[in-house]
Amino acid sequence: MSHRPSSGLAAVSTALLAMSRHLEVRDVLKTIVASARELLDAQYAALGVPDDHGGFAQFVVDGVSDAQWKAIGPLPRQHGILAAMLHDAKPERLADVRKDPRFEGWPSAHPEMSDFLGLPIKDSDETIGALFLANKRCPKPDDGCGFTEADEELLGILAQHAAIALTNARLYERSRELTIAEERSRLAHELHDAVSQKLFSLRLTAQAAAALVDRDPARAKGELQQVAALAAEATDELRAAVVELRPAALDEDGLVNTLRTQIQVLDRAHTAHVTFYSCAIRALPAAQEEALLRVAQEALHNALRHSGADEVDVVLVRRGQGAVLSVTDNGKGFEPRSVRRAGRHLGLVSMRDRASGVGGTLSVESAPGKGTTIEMEVPGG
């Protein structure tokens with residue numbers, strides 16, 4: 001198979017258009033890495049977005065299989081050549097990265113790399129990422145680098161446009177966060193009004209029951225039953241307000257403990273038996289943990305309020321660098337396409353938005369009489 005690189009203005013234009021087509025940050029990162037590797041005909045490519053703690057908030061590779069990436073282990077730290085590109089903010093073109101004095105080795109499962117080309121991705125004066133390639137597919141000059149000055153110039157152009165695409169994607173995600181915050185504020189006002197009306201009705205009904213208790217005990221009993229019903233409705237709405245609007249204690253307790261605590265409360269509060277199982281979960285980026293929690297809450301709400309299930313199982317397990325959440329009930333189920341056509345989404349749109357907003361996926365399996373399984377996978381960081 002030929003490994004000749006794509007070349008010319010058309011190839012560059014295709015890569016730049018592909019980058020600008022995506023709005024989610026992780027999709028942009030994947031496209032940048034794949035485009036760079038193809039354009040410069042390298043065996044490996046990677047892009048790291050640094051965090052403020054000496055590591056990487058996101059790290060995307062191309063040319064490495066999923067099994068190989070899993071065997072490599074934890075994400076790299078900011079050291080060696082990676083640190084040089086991030087801190088010195090200048091290109092690095094090396095004939096053999098392993099012979100550079102700054103090279104500090106890599107895990108045993110890491111692929112062997114020799115010639116190396118790396119550039120920082122900058123937004124004005126801020127370095128927002130590091131893009132690098134290894135193992136140019138071409139004959140190597142004696143003790144020389146397969147990557148040329150022309151390759152460095154081309155990668156520099158790609159890095160400039162990558163900075164624009166990445167910044168735009170971040171702005172898009174930030175705008176989505178603001179929209180969600182505004183929606184929560186609106187929801188808070190609506191819940192406040194609804195609960196206030198319920199409590200007002202409850203008070204009037206209780207007063208009517210008190211007035212009737214002596215002269216018409218039968219009617220008084222009916223009014224008291226209405227009081228109980230109104231109190232139950234107010235309790236449900238208050239519980240929904242607390243779950244949806246109060247920030248989850250993810251920072252203090254972590255995702256697993258937060259989910260376990262909430263599910264224990266739901267198991268006590270409902271007749272359905274609600275269980276939780278987790279295994280080998282590693283820390284995930286904060287946005288992904290919050291999205292998993294919110295999707296779990298929405299799926300549990302649907303299962304407990306609409307499905308008629310008496311068993312609901314929540315499972316959170318590790319998959320590669322990320323995690324998979326599944327919420328399964330044995331309720332009445334539904335036909336997903338019919339629900340969409342009828343405009344009754346049962347929160348599926350918001351769940352899919354939350355999943356895609358953090359680079360994840362969401363699937364729904366259900367059929368009438370067969371129960372429902374909602375599964376969400378996130379990539380990790």
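What follows is a working chat about a predicted model of a protein.

Trainee: How many helices and strands are there in the protein?
Mentor: In this predicted model, the protein has 10 helices and 10 strands.

Trainee: And what share of the residues count as buried?
Mentor: Of the 381 residues, 41% count as buried, and the accessible surface of the protein comes to about 20300 Å², with 52% of that area belonging to carbon and sulfur atoms.

Trainee: How many disulfides does a search of the whole structure find?
Mentor: The search finds zero disulfides.

Trainee: Is C138 buried or partly exposed?
Mentor: C138 is partly exposed, its relative accessible area being 28%, and C279 also counts as partly exposed, at 35% relative accessibility.

Trainee: Changing topic, where is P50?
Mentor: P50 lies in strand β1, which covers residues 42-50, and with a relative accessibility of 23% P50 counts as partly exposed.

Trainee: Which residues does P50 touch, leaving out those up to four places away in sequence?
Mentor: With those left out, P50 touches G55, F56, A57, Q78, L86, T127, I128 and G129; I128 is 78 residues away along the chain, yet the C-alpha atoms of P50 and I128 are separated by 6.9 Å.

Trainee: What about contacts across the protein as a whole?
Mentor: Among contacts between residues at least 6 apart in sequence, 63% join residues at least 24 apart.

Notes: Residues are numbered from 1 along each chain as its sequence is written. This is a predicted model: local features need pLDDT of at least 70, side-chain atom pairs count only at pLDDT 80 or more; totals for chains, interfaces and linings use all residues. Side-chain values use heavy atoms; hydrogens and water are left out. A disulfide is a pair of cysteine sulfur atoms within 2.5 Å. Buried means under 20% relative accessible area, exposed over 50%, partly exposed in between (1.4 Å probe, protein chains only). Helices (H or I, at least four residues) and strands (E, at least two) are DSSP runs, numbered from the N terminus. Contact means heavy atoms within 4.5 Å. Accessible areas come from the Shrake-Rupley method with a 1.4 Å probe; for residues, only the protein chains shown count as cover.
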